[in-house]
Every structure is written in structure tokens, then in C-alpha cells.
Amino acid sequence: MAEVVEGGGHVLVPAFAAGRAQEVALILHAAQERGAIPRFPVWLDGMVRAVCEIYASFARYLRPPLDRIAASGQNPFFTRKGSVQRVPAPAFRSRVLEGPPSCIVASSGMLSGGPSAYYAARLAGSENSAMFLCGYQDEESPGRRLLDLADSAGGILDLPEGPVEVRCRVSRYNLSAHADAAELAALARLLDPAHIVPVHGDPDSRLALARALDYRGTYVPENGAGLDLPAFRRRVAALPSPMPGGQAAGTGPPLDLSVAWEKLAA
């Protein structure tokens, strides 16, 4: 990033508004404070701004020293020295691009909309600028297409504002947004719940997590299925091991997955 900024370009970091964008901002601020990179403006835009405000309103849940900064009435993600700043309004975005070289951290993280798509449309064709991706990119997203174009030495990227030719620098950095499988399994052992139902992620990922958990009460439902929890509790108690694909091996037909949200609400 320092190389791009010193060369006169802007860097766009499309980032998820909750967690990832704040992590990137803190990493850059810390690097500037210790002199690892020169000081340059870091702009936060889009839903990122609102999420920063929400985090700051729950100071007791932040790690030190962020908790102390938030408790004092300051927002720990925006620095008084001005190196990390809010983009105050959509109309200000053109001024950011016309201003001194900078980094822009904006949602959405996959370039599927929001201010990140706005900046991408204006920076993609600049050889002096860069787009650095640091999160998961869905197969159908513009962000994944951008990575594919980078591997093939450029091409046309379709963005919400229209197609653009990609001539900027593109790189990917892997920043995990949550615990890995081993850490999740350790948490499950610590909590020792009666049942575990993995519901987030691709089917293969959920099944792999179920196997890593190796927990007797683990059940992997089909995508899109409803789960009748009372029936689930009755049936799953006898399961000997994690069960893939909504099928309890050795127990006959699948569990009753009829939608029962009214019962749950009651």
C-alpha cells in the first residue's frame, strides 16, 4: 500500500462493514504509528462508518486499549491526527479521489454495491492505483471476477455502474473473519452443549466442520430446510456421531424438518 501511495495512486480496500473494515483500519493505523509505513489519509466509507459508531457505543465489549478510548467518548477507529477519517457524505467521494494519495476502506467487500463499487469504477483503469481484497469473494461477485482478471493480466470488469477496463494493481490478502475449525471445536468442547447444528457456509464446509467437531449431538441440515427444534431434541439424543445431509444414519428417515417458528416464538 505504501508503494502505491508513494507512487501517487489511491488504494481501495473493499471490506465487509462489520469487523473486517475495522481490523484493516487498526492495522494501518498501528503501522503508521510505529513507522512501518508513511502517514497518508485512510478514509472509511459506506456502512463501515455506521458500524464503527455501533462498536464505539459498546465500549465494555472492546479489547484494550479500544475499550478505554471508547469509554472516554472518542471513537477508537477514527484518529485525532486525521490519518483515519470518515468520508462525511457521498458528495465528498470525488474530493477524496481528487485529493492526495490515500487508502479507502469501503463496503461492500465483494464490490457488489455501495461506495466500494463507486471507487472501483474510477480506480480500475489507473495503473498508479490498486485494489486490495481481503475477504471472501462469492463466485458470482465482481470481486471474484476482479481476482480472475488479475490472474489473466487484465480485462473488463462489470460493476454496478457499468463495465470498466482493469489496469490497476490487484492483490489479495487473507484476513480471517472468525475462528477456524479447530478453534470452533475447542469452543464446543468448552461449552459442552447438548446439540450442535452448523447452519452457515457451503454444504461441504458445514460437513467438514461437523466432522471436526466429532460431537455426538451434531446434525447438519439440508440448505433451506426448517428445523423443528422439539422434534430435533427428541431424535438427536440417540445419534452416535455427526450426521451429514439431513439424514440420521441408522435411525431411519430424516428428522422432521417442518417449519415451526410459531412454536419457537412461543
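Which helices and strands do the buried residues of H3 pack against? In this predicted model, they pack against helix H2 (20-33), strand S2 (42-45), helix H4 (66-71) and strand S4 (103-106).

**Helix H3**
- Helix H3 spans residues 47-56, and its buried residues are Val-48, Val-51, Cys-52 and Ala-56.
- Because these residues cover an arc of only 140° around the axis, they lie on the same side of H3.
- An α-helix has 3.6 residues a turn, so residues three or four places apart point the same way.

**Helix H2**
- Helix H2 has 14 residues and reaches 20 Å from its first C-alpha to its last, which is close to the 20 Å expected at 1.5 Å a residue.
- The buried residues of H2 are Arg-20, Ala-21, Gln-22, Val-24, Ala-25, Leu-26, Leu-28, Ala-31 and Gln-32.
- These buried residues pack against strand S1 (11-14), S2, H3, H4, strand S3 (84-86) and S4.
- After H2 comes Gly-35, whose phi is positive, near 80°.

- Leu-184, Leu-187, Leu-190 and Leu-191 form a nonpolar patch on the surface, and together they have about 410 Å² of accessible area.
- Leu-184, one of the residues of this patch, is found in helix H8, which covers residues 181-191.

Key. Residues are numbered from 1 along each chain as its sequence is written. This is a predicted model: local features need pLDDT of at least 70, side-chain atom pairs count only at pLDDT 80 or more; totals for chains, interfaces and linings use all residues. Side-chain values use heavy atoms; hydrogens and water are left out. Buried means under 20% relative accessible area, exposed over 50%, partly exposed in between (1.4 Å probe, protein chains only). Helices (H or I, at least four residues) and strands (E, at least two) are DSSP runs, numbered from the N terminus. The arc is that of the directions from the helix axis to the C-beta atoms. Contact means heavy atoms within 4.5 Å. Patches are made of residues with over 30% relative accessible area and no salt bridge: like charges are joined within 9 Å, nonpolar side chains (Val, Leu, Ile, Met, Phe, Trp, Tyr) within 5 Å. Accessible areas come from the Shrake-Rupley method with a 1.4 Å probe; for residues, only the protein chains shown count as cover. A salt bridge is a side-chain nitrogen of Lys or Arg within 4 Å of a carboxyl oxygen of Asp or Glu. The expected span of a helix is 1.5 Å times one less than its number of residues.
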